[in-house]
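Please keep the sequence and the structure at hand while reading.

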Amino acid sequence: MKVSARNVFKGEVGAVKTGAVNAEVDVVLEGGDHLTAVITMESVKTLALAVGKPVVAMVKAPWVMLMTDQADVRLSARNCLAGTVKSVQSGAVNAEVALALPGGTEISAIVTRESVNELGLKPGVAATAVIKASSIILGVPG
Amino acid sequence: MKVSARNVFKGEVGAVKTGAVNAEVDVVLEGGDHLTAVITMESVKTLALAVGKPVVAMVKAPWVMLMTDQADVRLSARNCLAGTVKSVQSGAVNAEVALALPGGTEISAIVTRESVNELGLKPGVAATAVIKASSIILGVPG
Amino acid sequence: MKVSARNVFKGEVGAVKTGAVNAEVDVVLEGGDHLTAVITMESVKTLALAVGKPVVAMVKAPWVMLMTDQADVRLSARNCLAGTVKSVQSGAVNAEVALALPGGTEISAIVTRESVNELGLKPGVAATAVIKASSIILGVPG
């Protein structure tokens with residue numbers, strides 16, 4: 001498998017919480033971090049997701065929001081991953097920002113250049129990657 | 001808090017409709033407009049969301065669709081905000097379009113340059129910003 | 001109606017599966033392909049969605065992930081559409097990739113230039129467009 005998503009994390013299912021249409025899946029990453037994904041119940045069934053099953057969690061870079069100075073706020077987004085900016089590559093409108101997490105994982109976010117300026121994003125700056133649970137795609141070995 | 005999302009709206013919770021996994025939250029913006037967000041029940045609990053609680057609603061610009069000539073259609077997207085194009089900043093593939101709403105709120109959308117041409121987007125043109133409820137991230141004071 | 005979404009597919013409702021907050025809607029496209037959308041129950045009601053009702057399904061290009069060499073994986077994303085790359089238009093950070101499906105439908109995805117290189121995307125290459133059900137906006141005649 002090769003995917004265009006800049007973010008592909010290996011892990012295993014930690015828990016599954018079921019609903020009528022959607023389910024919430026806790027994914028334990030290899031480094032011990034957790035991600036929460038919301039997918040349809042139908043996918044839980046067809047992928048036979050159960051605790052301990054190996055999965056990959058995929059997130060496209062434009063689906064990641066970056067945040068700084070977050071001491072004064074709590075978010076509804078289930079995935080808030082604190083790290084350090086590793087690189088910034090700018091285009092005309094957008095920029096791709098790579099964030100290094102303490103455990104060694106790297107997260108890629110595409111944000112506007114205006115945001116890069118306003119948040120002062122440059123290598124070494126502390127920032128948090130924010131990912132909605134509904135933005136995560138899960139994959140299992142075929 | 002500083003976030004890369006181009007759209008950050010202040011408001012308060014107007015209503016919460018609960019489900020097994022997800023909840024639908026009505027947010028009343030300062031100008032009286034409404035936004036609908038779908039977030040997980042877990043977030044409703046951890047943020048202690050209740051009617052009257054101050055929140056900020058965040059939406060990244062690439063998550064906003066723009067529409068013109070909308071008289072003949074109704075959409076499943078819960079947030080359709082009619083306004084006027086204020087500015088268009090073009091890159092090679094994408095363009096950032098700023099839309100001014102009647103109440104003074106400004107909404108930023110990133111769309112392709114092809115869309116800018118096809119919809120004839122330029123300052124003064126009427127357009128509607130379309131945002132899925134599941135694209136909205138809510139924040140509360142920390 | 002004119003929308004900035006690069007992907008607008010005509011079809012009709014094939015099935016509706018209801019939940020407390022969300023519903024899952026099966027859309028049968030004109031060529032016989034299927035798309036699955038997750039929208040709120042409120043939208044199901046206000047749009048009066050029922051089997052056989054004509055709808056358009058809209059997806060912005062940045063919400064589409066591309067995949068190659070997919071034989072060894074199954075995804076939670078409900079919409080995996082196999083096709084062939086028709087064109088690639090590159091910007092500084094992003095590229096817009098057009099994929100032609102067997103039935104004649106064309107799908108547009110915006111991915112990073114790095115992904116274009118890593119996946120070897122160029123005209124004639126086989127690739128799959130992956131779309132989460134929650135990324136689809138449905139529209140009905142107004």
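In what order do the six strands of the open sheet lie? The order is β10(B)-β9(B)-β8(B)-β11(B)-β6(B)-β1(C), with antiparallel pairing. The model is predicted.

**The sheet**
- β10 (106–112) of chain B and β1 (2–3) of chain C are the edge strands, and each of them pairs on one side only.
- Within chain B, six bridges join β8 (residues 79–90) and β11 (residues 126–131) in the antiparallel sense.
- Cys80(B) has Val130(B) of β11(B) opposite.

**The contact between chains A and B**
- Chain A brings 35 residues to the contact, and chain B brings 33 residues.
- On the side of chain A that touches chain B, at least two residues come from each of β3 (22–29), β6 (65–68), β7 (73–75), β10 (106–112) and α2 (113–119).
- The largest share of that side of chain A is the four residues from β6(A).
- By residue type, the side of chain A that touches chain B holds 17 nonpolar, ten polar and eight charged residues.

**Strand pairing across the contact**
- β6(A) also pairs with strand β1 (residues 2–3) of chain B, in the antiparallel sense and over two bridges.
- Thr68(A) has Lys2(B), in β1(B), as its bridge partner.

**Relation between copies**

Notes:
Residues are numbered from 1 along each chain as its sequence is written. Chains are lettered from A and ligands numbered from 1 in the order in which they are written. This is a predicted model: local features need pLDDT of at least 70, side-chain atom pairs count only at pLDDT 80 or more; totals for chains, interfaces and linings use all residues. Two residues are in contact if their C-beta atoms, placed from the backbone, lie within 7 Å. Ala, Val, Leu, Ile, Met, Phe, Trp, Tyr, Cys and Pro count as nonpolar, Asp, Glu, Lys and Arg as charged, and the others, Gly among them, as polar. Two strands pair if DSSP finds at least two bridges between them.
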